[in-house]
Amino acid sequence: MSVFTVLNPATEEPVTTVTQASLEDTDAAIARAAAAQGAWRAVAPGDRARLLRSFAAAVDAASEELAGLEVAGSGHPVGQSRWEAGHVRDVLLYYAAAPERLTGKQIPVPGGLNVTFHEPVGVVGLIVPWNFPMPILSWGMAPALAAGCAVVAKPAEATPLTAMRIGELALEAGLPEGVFQVLAGKGSVVGQRLVDHPLVRKIVFTGSTEVGQQIMAGCARHIKRLTLELGGKSANIIFADADLERAAATAPYAVFDNAGQDCCARSRILVQRSVLDRFMELLEPAVQGVAVGDPASAATEMGPLISAAHRAHVAAYVPSGAPVAIRGHAPDGPGFWFPPTVLAPVRPDDPAYTEEVFGPVVTVTPFSDEAEAVAIANDTPYGLSGSIWTRDVGRAIRVSRAVESGNLSVNSHSSVRYWTPFGGFKQSGLGRELGPDAPDAFTETKNVFISTEE
Ligand code: TAP
């Protein structure tokens, strides 16, 4: 039996140990899910909706406990952790409305009519990364359950605690056994088995592009349905006519939230050359003002990185002699701390400029005009997110259309909402999550011809 010790990233102290599911445990969970699937899809839509609302209420009642687990097990600041627990509740409530709206179409044809049905795809394998254990779990779990699918979820090995508790809450709320299960364990064991097992009909994967490629290849063997949410290297594009004060005040939060461990991190700031100096003057105090420290304190805005190994990975992007333009604060002593760091000027072949750092490191690059801004923004294999700052409405729309990215914001650093679609262009992913159509992605459309011939 293999056991994983969850460490508190802020103290390096053990929080608890978690038994890792084996291959046999995974097969047994998939068998339970497949057995539960038929009865779950047959639950009347209104009753499935009621159960999802009960699940949301159970999450709400446990939100302080869930937030505490995320503070201790992931190092997320407590304010953020509370928001994340509330987000799971809200996502469940939003998709609780879906079971009664999974309607089909009727299409007149000669000699009769066709009707379409949305049939649940079957057992769904949900593979979650360590950076946002609660929100990303909920984005797959809630629409899949609403569509009538049974779900087996695998949280990241390093951050299983909140997902495990949410699995218990589902049962306490009355979801039938086997409909929603959480299996803590390794990607190479549990995750791989979900991909390989023929009874799992869809994989929802969020994680690195590299593992996503392996998963896509594994799913191809079964023509298994697949959603991929992968890496990002998003641009925060600031034009000279923008509200520079607001753009600079929010730029740190666009990249340093969750210590930069965010697929949507705007980790490349592009600034029109004529306002570069003024922007850097404004950015300095904003970066220095980010409150980095004890995640349990309500005043903290940024906590530690997830592990010593990840800190070493991030630090490699800031070697001695790196062009550090601004460096914020971070505590000394135990904990996997890394200060908010702004690099400028950065060579276009520097790995900090081209690769996903997944830490609190941002590069600043000047551009001359709109065409150059778009060209630089698109010069990456990724296309997940980004922001555009300008007072010119026409330019805002032109640049939004030209940037090859799935989720953009204009004059704002936030672009993820559960009621709008989310996903990536290019190597940032495949398919869309969230938004009103998300449950459809957990169904197959069945088309039935009904003859009216006498
Ligand atoms: P990965 O190393 O890719 O891991 C993601 C999940 O996949 C983990 O649960 C992991 O298990 C599992 N896994 C690993 N190998 C597997 C395999 N062979 N078969 C099946 N599952 C496997 O990513 P990460 O380091 O946790 O997360 C960071 C990456 O995720 C970044 O690139 C980030 O951009 C991306 N991300 C994207 C999004 C969206 S929405 N696009 C959101 C968040 C993060 P273990 O825990 O055992 O490794």
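Biologist: At roughly what angle do the axes of helix H2 and helix H6 cross?
Modeller: The model is a predicted one. In it, the axes of H2 (residues 45-61) and H6 (residues 161-172) come within 9 Å. H2 passes H6 in a right-handed crossing. The crossing angle of the two axes is roughly 130 degrees.

Biologist: How many nonpolar residues does the contact of H2 with H6 have?
Modeller: From H2, Phe-55, Ala-58 and Val-59 take part, and they meet Ile-166, Leu-169 and Ala-170 of H6. By class, this contact has no polar and no charged residues, and its nonpolar residues number six.

Biologist: Does Ser-74 count as buried or exposed?
Modeller: Ser-74 lies in helix H3 (residues 63-74). Beyond its neighbours within four places in sequence, Ser-74 is in contact with residues including Pro-9, Pro-133 and Ile-306. Its relative accessibility is 2%, and residues under 20% count as buried. Ser-74 therefore counts as buried.

Biologist: How far apart in space are Pro-334 and Glu-12, C-alpha to C-alpha?
Modeller: Pro-334 is placed in the loop between strand E12 (324-327) and strand E13 (341-343). Leaving aside neighbours within four places in sequence, Pro-334 is in contact with Ala-10, Thr-11 and Glu-12. Pro-334 and Glu-12 are 322 residues apart in sequence, while their C-alpha to C-alpha distance is 6.3 Å.

Definitions and conventions. Residues are numbered from 1 along each chain as its sequence is written. This is a predicted model: local features need pLDDT of at least 70, side-chain atom pairs count only at pLDDT 80 or more; totals for chains, interfaces and linings use all residues. Side-chain values use heavy atoms; hydrogens and water are left out. Helices (H or I, at least four residues) and strands (E, at least two) are DSSP runs, numbered from the N terminus. Buried means under 20% relative accessible area, exposed over 50%, partly exposed in between (1.4 Å probe, protein chains only). Contact means heavy atoms within 4.5 Å. Axes are lines fitted to C-alpha atoms, for helices over the stretch in contact, and angles run from 0 to 180 degrees between N-to-C directions. A crossing is left-handed if the near helix is turned anticlockwise from the far one by less than a right angle, and right-handed if clockwise. Ala, Val, Leu, Ile, Met, Phe, Trp, Tyr, Cys and Pro count as nonpolar, Asp, Glu, Lys and Arg as charged, and the others, Gly among them, as polar.
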